[in-house]
Amino acid sequence: MELLQNPQLLLINLGFLAMYVILFFFSKWLKGMLSSYTLDEQLTEYDNNAVSVSVAGYFIGVTIIFVGTILPSGNGAGNLGIGEEYLIVLGYALGGIGLLHLSRYINAKLILYKFSVDKEIVKDQNPGTGVVEAGTYIASALVIAGSIYGEGGGPLTTLVFYTIGQLCLILFARLYTQFSPYDVHDEIEKDNTAAGLGFAGALISIGIIVMRGVSGDFHGWGQDLMSLGLDVIIVFIYLIGVRLVFDKFILRNSDLNTEIANDQNLGAGLLEMMVAICFSTILFFVL
């Protein structure tokens, strides 16, 4: 209703919508250029579901980053002319997409490091690997969007908080695999989609909380880094506790670990994914 009463605001928002459409197709082109495979060929000729899931996660990530640039308190907003605001939003969005591709490379080397991600997705069409890569895209995009969002910072603060957030993702992924009673990498490599769902949910859940830690107005390095550190410590302890407790008690006649590792139960994997995301969402608002 407000848009109909304010034609100028409507035109401005239509401009942002047009910018998103352009960025969406640009990101698809860039994804194709930086991939070791032909994207359209895998999606259509080979009907590769693993690639489809991964690309879907990538597009969700691009959208999350764009939203982070246009929120009212984002780096794209302020008392600027509309032309300047468009340029700032475009600059941060393009930079965020670039960081998303950097994260993809880092995550493949440091999170899914026991096998070749491209081989599993393209040659083996492993849906479990596709789900986890989609989860890494979404988790990294949450960190990037959080690093962009807020007043008082700039490109330097964005890069610093992105780096810290990305390190937190890697650390949590290592902790997750250490605390898991089964070999997460081995299960994923064996095309266990249930294990992929659980791992992807864990990554997205930590991405949600790290986004909470790195977002907001910049008050100074000391204060903001201390606040982020406290958030991350609380989340690590809490999410590990949630996994250990709920894996045993969320199902009455079995536990999630047995259902995921032994039975490759997709429903159990999806349940673990959703439980982790739900609890992280609550933490996002109560921390």
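Here are legends for several close-up views of a predicted model.

Figure 1. Of the 287 residues, 49% count as buried. The protein exposes about 13,600 Å², and carbon and sulfur atoms supply 66% of that area. Now think about who touches whom: among contacts between residues at least 6 apart in sequence, 76% join residues at least 24 apart.

**Figure 2. How confident is the predictor, and in which helices is its confidence lowest and highest?** The mean pLDDT of the protein is 85, and 85% of the residues reach 70 or more. Among the elements, helix α1 (residues 2-5) has the lowest mean pLDDT, at 58. Helix α4 (residues 49-70) has the highest, at 95. Helix α4 turns up again in the next view.

**Figure 3. Helices α4 and α7 pack against each other**. Two packed helices are described by the angle between their axes and the distance between the axes. For α4 and α7 (residues 127-148), the angle is about 5 degrees and the axes are 7 Å apart. Angles under 35 degrees count as roughly parallel, so α4 and α7 are roughly parallel to each other. On the α4 side, the residues making the contact include Ala50, Val53, Ser54, Gly57, Tyr58 and Ile60. On the α7 side, they include Pro127, Gly130, Val131, Glu133, Ala134 and Tyr137. Sort the residues of this contact by type and you get 16 nonpolar, six polar and one charged.

**Figure 4. Val131 and Ala134 are two residues of α7 that take part in the contact with α4**. Let's take them one at a time. Val131 lies in helix α7 and has a relative accessible area of 11%. Buried means under 20%, so Val131 is buried. Leaving out residues up to four places away in sequence, Val131 touches Val53, Thr193, Gly196, Leu197 and Ala200. Val131 and Ile121 are 10 residues apart along the chain, and their C-alpha atoms are separated by 9.8 Å. Ala134 also has its place in helix α7. With a relative accessible area of 7%, Ala134 is buried. With residues up to four places away in sequence not counted, Ala134 touches Val53, Ser54 and Gly57. Look for Ile204 too: Ala134 and Ile204 are 70 residues apart in sequence, but 9.4 Å apart in space, C-alpha to C-alpha.

Figure 5. Take Phe66 as an example: Met19 and Phe66 are 47 residues apart in sequence, and their C-alpha atoms are 9.5 Å apart in space.

**Figure 6. Tyr149 sits in the loop between α7 and α8**. Follow the chain from α7 towards α8 (155-179) and you'll find Tyr149 in the loop between them. At 26% relative accessibility, Tyr149 counts as partly exposed. Along the sequence, Tyr149 and Leu71 are 78 residues apart. In space, C-alpha to C-alpha, Tyr149 and Leu71 are 7.5 Å apart.

**Figure 7. Asp191 and Gln264 each have a positive phi**. Most residues other than glycine have a negative phi. That's the reason to give these two a view of their own. Asp191 is a residue other than glycine, yet its phi is near 65 degrees. Its place is in the loop between α9 (184-189) and α10 (193-214). Asp191 counts as partly exposed, at 35% relative accessibility. Gln264 isn't a glycine either, and its phi is positive at about 50 degrees. Where is Gln264? Look in the loop between α12 (256-261) and α13 (266-286). Gln264 is partly exposed, with a relative accessible area of 38%.

Methods. Residues numbered from 1 in each chain as written. Predicted model: local features only at pLDDT ≥ 70, side-chain atom pairs only at ≥ 80, totals over all residues. Heavy atoms only, no water. Buried < 20%, exposed > 50% of the residue type's maximum accessible area, 1.4 Å probe, protein only. Contact = heavy atoms within 4.5 Å. Areas by Shrake-Rupley, 256 points an atom, 1.4 Å probe, with all protein chains shown as cover. pLDDT = per-residue confidence, 0-100. Helix = DSSP H or I, 4+ residues; strand = E, 2+ residues; numbered from the N terminus. Axes fitted to C-alpha atoms, helices over the stretch in contact; angles between N-to-C directions. Parallel < 35°, antiparallel > 145°, perpendicular 65-115°, else oblique. Nonpolar A, V, L, I, M, F, W, Y, C, P; charged D, E, K, R; others polar.
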